[in-house]
Amino acid sequence: MKIRILGSAAGGGFPQWNCNCVNCDGVRKGTIDAVPRTQSSIAVSENDTDWLLINASPDILAQIRANPALQPARAIRDSGIAAVLLMDAQIDHVTGLLMLRERGSPLPLYATEQVLADLAQALPITRVLGHYCGVDARPLAIDGAALTIPPLATTTILPLPLLSKAPPYSPHRDDPHPGDNIGLTIRNGASGKSLFYAPGLGEITPAVEEAMRSADVLLVDGTCWSDDEMLTMGLSKKTARMMGHLAQSGPGGMIELLDRMPASRKILIHINNSNPILREDAPQRAVLAAHGIEVALDGMDIEL
């Protein structure tokens with residue numbers, strides 16, 4: 001089973017279109033050792049032809065162009081994207097659905113009831129798609145049971161509710177519900193190996209820690225290096241934790257958490273444009289390497 005990282009950046013991508021921080025300015029001018037990244041999304045396949053897309057970022061068209069396997073060209077109109085699973089209703093994870101509107105059949109869309117409700121009402125993407133290809137909505141239960149999603153025959157997906165808020169546009173933004181945000185354990189039924197995927201982690205509950213401890217590969221939140229990163233750079237009035245992300249450095253940070261985990265690979269994804277780990281030669285990258293932590297890159301493959 002293959003998991004391909006289509007996009008590894010946080011919302012806005014890298015460089016972010018309106019940002020002139022040291023990272024964004026440097027990567028545009030070629031003055032820093034860093035590579036551009038699109039907004040976070042992964043795809044899962046057992047045969048390199050039929051894929052489950054997990055989160056549909058605004059960069060989906062660029063990601064399809066960069067990954068020919070997602071366009072296998074078996075017919076005059078074709079796509080390797082057989083179904084989509086959404087982990088939340090954040091704009092940077094759902095608006096790419098609109099770019100899939102030319103499908104010839106309704107799009108199988110897996111998401112929790114909370115996410116489907118937001119996308120039917122507050123940000124009515126599914127209603128809009130109803131005038132094009134249509135949506136075959138398939139609610140995801142968060143009852144602790146794993147499920148199989150075609151075209152993945154032997155792979156199982158186990159959703160885990162996370163403590164997080166709904167998007168700012170949601171009518172219950174300040175009234176969190178289980179299912180607003182989920183993590184996923186993706187298990188290869190043939191090898192028995194698993195990956196835990198959570199691009200947004202603001203609070204580590206016992207259930208989350210157990211899921212991470214049980215996984216062979218971790219693909220988790222790498223948004224900010226420090227909690228006050230966006231504040232000190234003048235990019236935001238919120239800390240990383242206020243935005244629902246656990247910073248890498250400092251007491252109780254992601255590095256400290258990952259040091260406790262036995263996984264064979266530990267990879268950070270959803271990296272904000274402000275994060276110094278985007279620079280290959282940054283001292284923060286050396287710190288990650290010393291702890292055995294990788295930084296995700298668009299096009300990276302993970303085999304389970």
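**Note on the β sheet and the cysteines**

1. Strand β4 (residues 81-85) and β5 run parallel and pair over two bridges; strands here are DSSP runs (E, at least two residues) numbered from the N terminus, and two strands pair if DSSP finds at least two bridges between them. Val84 lies opposite Leu109 in β5. This is a predicted model, in which local features need pLDDT of at least 70 and side-chain atom pairs count only at pLDDT 80 or more, while totals for chains, interfaces and linings use all residues. Residues are numbered from 1 along each chain as its sequence is written, and side-chain values use heavy atoms, with hydrogens and water left out.

2. β5 is also joined to β6, in parallel, by five bridges. Leu107 stands opposite Val135 in β6.

3. Strand β5 (residues 107-111) is largely enclosed by the rest of the structure, because five of its five residues are buried (under 20% relative accessible area, 1.4 Å probe, protein chains only). Leu107, Leu109 and Ala111 point one way from β5, Pro108 and Tyr110 the other way.

4. The open sheet has seven strands, in the order β6-β5-β4-β3-β2-β1-β13, with mixed pairing. Its edge strands, β6 (135-139) and β13 (301-303), each pair on one side only.

5. An antiparallel pairing over five bridges links β1 (residues 2-7) and β2 (residues 41-45). Lys2 is opposite Ser45 in β2.

6. The whole structure contains zero disulfides (pairs of cysteine sulfur atoms within 2.5 Å). The closest cysteine sulfur to that of Cys19 is in Cys21, 3.5 Å away, too far for a bond. Cys19 is buried at 5% relative accessibility, and Cys133 is buried at 9%.

Methods: Buried < 20%, exposed > 50% of the residue type's maximum accessible area, 1.4 Å probe, protein only. Helix = DSSP H or I, 4+ residues; strand = E, 2+ residues; numbered from the N terminus.
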